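Here's a quick briefing to read alongside the structure. Keep the 3D view open and look things up as you go.

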Amino acid sequence: MNELALFVKPWKSLTLPQLARHVKALGFDLIELPVRPGFQVEPQNIERDLPAAVRLLAEESLRVLNVTAGMPLDDERLYSACAAAGIGMNRVMFPQGGTDYWAAEADARRQLDAALPFCEQYDFQIGIQNHSRRFVPVNEMGMYHLVKDYDPRYVAAVWDPAHNALEGMNSDSALDVLAPRLCMVNLKNAYWQRVSGPEAEVAEWKIYWTSGAQGRASWSKVIAKLKAIDYRGPICFSAEYSDEERVDELIVQDLAFARGLLV
């Protein structure tokens, strides 16, 4: 049975006890915790605050699966704090920025190479998420090219089918490529929404983040393929919706939808 976690980014204004009670009411007992400026645990205080936060959340029967930390990957405080808190993975993304793709990938490799000694010392894993548009990687082939030379105990793939679908890629093929190196699956959904009229000289598009049943990524196909490859790792719900006023309502619907597919 896959563990189901919730990325708690939308609820940054809540105190930790409030967050725990709210997340439990939504139907989750496992979370992905941001360690970012303005959140409940901030990077500059990670050594003090992360272990304390995990203990406080545990008192409310809420566990922390992993962090997503806005910190350099060669900062040992990230690894020592996670070890003290009993957390074994950090989800990361590598923006491409203004450089070309290969230069951005080379920079990502330099960051991973600098992190490896800490990963080995602390038995820690970096989970790299694919992301549409100007990120490294944008799809499964880019992910494979980036992670293939690393031990998956330390560097592995966090596959996001929504971002994959936004780039026009097929979920079955993606999981064929990434299955041996998969450490987590994100669940959210989206589609490209045209924002210019038909008379526009050049069409303009934006991403609209929607519920699990309505986007470009077929959750039913994704979960069927996860079953076919016998994936038993965690699935994390990103709780990302363009209609931010309905986040609580939509995440409850999406959890029920996914649970129905997972049985």
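The side chains of Gln129 and Asn186 are joined by a polar contact of 3.2 Å (that's a pair of N or O atoms within 3.5 Å; within protein, one must be able to donate a hydrogen and the other to accept it, and residues adjacent in sequence count only if both atoms are side-chain atoms). This is a predicted model, where local features need pLDDT of at least 70 and side-chain atom pairs count only at pLDDT 80 or more, while totals for chains, interfaces and linings use all residues. Residues are numbered from 1 along each chain as its sequence is written, and side-chain values use heavy atoms, with hydrogens and water left out.

**Around Gln129**
- You'll find Gln129 in strand 6, residues 125-129 (strands are DSSP runs of E, at least two residues, and helices are runs of H or I, at least four, both numbered from the N terminus).
- Gln129 is buried, at a relative accessible area of 3% (buried means under 20%, exposed over 50%, partly exposed in between, with a 1.4 Å probe and protein chains only).
- Leaving out residues up to four places away in sequence, Gln129 touches a list of residues including Arg91, Met143, His163 and Lys188 (contact means heavy atoms within 4.5 Å).

**Around Glu42**
- Glu42 sits in the loop between strand 2 (30-35) and helix 2 (46-59).
- With a relative accessible area of 24%, Glu42 counts as partly exposed.
- The Glu42 side chain reaches the backbone nitrogen of Gly38 at 2.8 Å.
- Not counting residues up to four places away in sequence, Glu42 touches Val35, Arg36 and Pro37.
- Glu42 and Tyr231 are 189 residues apart in sequence and, C-alpha to C-alpha, 32 Å apart in space.

**The nonpolar cores**
- The largest nonpolar core has 82 residues, and Leu6, Leu50, Ile128 and Phe237 have the most contacts inside it (such a core is a set of buried Ala, Val, Leu, Ile, Met, Phe, Trp, Tyr and Cys residues joined through side-chain atoms within 4.5 Å).
- Helix 4 (residues 101-122) gives the most to this core, with 7 residues.
- A second, separate core of 5 residues includes Ala162, Ala190, Ile207 and Trp209.

**The whole chain**
- The protein chain has 9 helices and 12 strands.
- Its C-alpha atoms fill a box of roughly 55 × 45 × 40 Å, taken along the principal axes.
- Buried residues make up 52% of the 263 residues in the protein chain.
- Of the contacts between residues at least 6 apart in sequence, 73% join residues at least 24 apart.
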